[in-house]
Amino acid sequence: MTINIYIPRDAGALALGAEKVAAAAREEIEKRGLDAKIVRNGSRGMFWLEPMVEVQTAEGRVAYGPVKPGDVAGLFDAGLIEGGAHDLALGRPEKIPFLAKQTRLTFARCGIIDPVSLEDYEAHGGLRGLRNALEKTPLGIVEEVTESGLRGRGGAGFPTGIKWKTVHDTDDPQKYIVCNADEGDSGTFSDRMIMEGDPFVLIEGMVIAGIATGATRGYVYLRSEYPNVHRILNEAIDAARAAGMLGKSVLGSEYAFDMEVRVGAGAYVCGEETALLDSLEGKRGQVRAKPPLPAHEGLFGKPTVINNVISLASVPIILDKGGAYYRDFGMGRSRGTIPIQITGNVKHGGLFEAAFGMTLGELVDDIGGGTATGRPVRAVQVGGPLGAYWPRDLFDTPFDYEAFAAKDGLIGHAGIVVFDDTVDLLKQARFAMEFCAVESCGKCTPCRIGSTRGVEVLDRLKQGIAPEEQIETVTDLCNTMKFGSLCALGGFTPYPVMSALTHFPEDFRPAPVREAAE
Ligand SMILES: Cc1cc2nc3c(=O)[nH]c(=O)nc-3n(C[C@H](O)[C@H](O)[C@H](O)COP(=O)(O)O)c2cc1C
Ligand code: SF4
């Protein structure tokens, strides 16, 4: 029997040399005349172990990592294809604590299957959600999604079922499904990982969304920095079309749905849904005033569902196992699971899918294992460049939309960036203002002008010029930006700035005051 050797083609693994590892493995297979085949899978999301090579044995898969090209011949000498002992052997991947502690619903197949094989996808439970959806009325599908409690994973946490119902109820022969794959938040990669590791789950989610709302056409708006996703997603879309999962009659049904990928041009603000629509229409990406909501007048003025990749990729499991099953995970109004991305200065960086409710401390210290430098964790930023900085004494906060909001923070796209005790929070606050100034679309004054003034004020603070006056000015400026900006770019930049100022005040005072406080 041909033995499968899995070597990821995920961008994270490729950046760490997976292509050379695959080439070396191919050479060894040929040289030794082995009956083995290399499958280019996605990543399991444990990036400190990448490139992680897995081999299919009679007892299940056995993993080795991190593998360098120079390790490959030695691994074959040690009997890799029978799961032989080696210094890099990790045992069964599912037993590695980082994976064993997860609840993988959305990412259940990621790193396991061949991402572009529809056959493999189906063999691992794919298409069951779509088949169940085809048994229901469009409204029945919307109700199932509403019942699941799924909220948008792009950042705002808006209930997906309500958004779909609005489009469902809007009468128009042309409606669209737009997938937001701009993934601009710092320290986030869950969209990329699922699109590279299990693209059919996104396609299936978009088809279900189309049937539920009456949309026949879908677009994936992909960030330009993801060329690897572009290739894999297009390969998967072609395969889905060839198999009748996309086209005039989805799986032989009365429903038509087709989709394509459009690549953005690299502006953070184009992740904002209305700027995204402008960009998709070929215009300069600028935020639109609401109303009208995109659900009423979206792409080309037509009713449009805009959802994040993870929101859409979570739909197949909901239609497969039922809204109540998904809803059983989580806490409060945060239902289901969320793929948390642990990055920055952290020992075990990667993707950790879990039910809502774990504390920040558990995620950073236990799962992430503390900093990579071995120094104490001083702060984490959660939710991308517009997210708050958290000090250790708030690490008992559970990962939950409302619990985070109650402490002036946000979950956003669930990226956690870890910093050790060498971080300078005044520098980070300045960076937040500078980022806003660079990325502002320029439509409204609090954001366009406020962010530039914010950089200047923080620079004066850095120089020790009348610190208390500068702190008062920056606080006032943050209030103006928070309440006067048209979108969350200007409106949320105050979160990193004010959290840094509130929780790490010593970094904002001249050195003698700071030393006295320590
Ligand atoms: C400045 C800015 C950038 C954003 N970037 C993204 C992004 O990269 N990806 C994303 O899914 N949502 C992003 N959003 C949120 C979207 O506007 C929108 O809420 C989301 O696509 C809706 O999908 P969801 O309900 O499934 O989360 C951004 C919002 C703002 C204000
Ligand atoms: S807040 Fe900034 S990015 Fe948003 S609309 Fe105003 S100027 Fe544009």
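I began with Trp164. Leaving aside neighbours within four places in sequence, I found Trp164 in contact with Ile141, Val142, Val145, Ile208, Ala209, Ala212, Thr213, Val305, Asn307, Leu312 and Val315. I note here that the model is predicted.

**Cores.** Next I looked up the core around this residue. The largest nonpolar core has 61 residues. Trp164 is among those with the most contacts inside it, along with Met195, Ile203 and Met206. Which helix gives the most to this core? I found helix α10, residues 199–213, with 10 residues. I also noted a second, separate core of 36 residues. Val287, Tyr389, Cys444 and Ala500 are included in that second core.

**Helix pair.** I then turned to α19 and α20. Two packed helices are described by the angle between their axes and the distance between the axes. I looked up both values. Helix α19 covers residues 445–462 and helix α20 covers residues 467–484. The two pack at an angle of about 165°, and their axes are 10 Å apart. Angles over 145 degrees count as roughly antiparallel, so α19 is roughly antiparallel to α20. The crossing of α19 past α20 is left-handed.

I listed the residues on each side of the contact. From α19 come Pro446, Gly450, Ser451, Arg453, Gly454, Val457, Leu458, Arg460 and Leu461. They meet Pro467, Gln470, Ile471, Thr473, Val474, Leu477, Thr480, Met481 and Gly484 in α20. How do the residues of this contact divide into nonpolar, polar and charged? I have 9 nonpolar, 7 polar and 2 charged.

**Gly349.** I located Gly349 in the loop between β12 (337–344) and β13 (350–355). Is Gly349 buried or exposed? Its relative accessibility is 13%. The cut-off for buried is under 20%, so Gly349 counts as buried. Gly349 and Met46 lie 303 residues apart in sequence, yet their C-alpha atoms are 6.6 Å apart in space. Met46 is also one of the contacts of Gly349, leaving aside neighbours within four places in sequence.

**Arg9.** My last entry is another loop residue. Arg9 sits between β1 (3–6) and α1 (11–15). I read 17% relative accessibility for Arg9, which therefore counts as buried. Not counting residues up to four places away in sequence, Arg9 touches Leu14, Arg40, Asn41, Val116, Asn228, Ile232 and Glu235.

Note on methods
Residues numbered from 1 in each chain as written. Chains lettered and ligands numbered in written order. Predicted model: local features only at pLDDT ≥ 70, side-chain atom pairs only at ≥ 80, totals over all residues. Heavy atoms only, no water. Axes fitted to C-alpha atoms, helices over the stretch in contact; angles between N-to-C directions. Helix = DSSP H or I, 4+ residues; strand = E, 2+ residues; numbered from the N terminus. Parallel < 35°, antiparallel > 145°, perpendicular 65-115°, else oblique. Left-handed = near helix turned anticlockwise from the far one by under 90°. Contact = heavy atoms within 4.5 Å. Nonpolar A, V, L, I, M, F, W, Y, C, P; charged D, E, K, R; others polar. Core = buried A, V, L, I, M, F, W, Y, C linked by side-chain atoms within 4.5 Å. Buried < 20%, exposed > 50% of the residue type's maximum accessible area, 1.4 Å probe, protein only.
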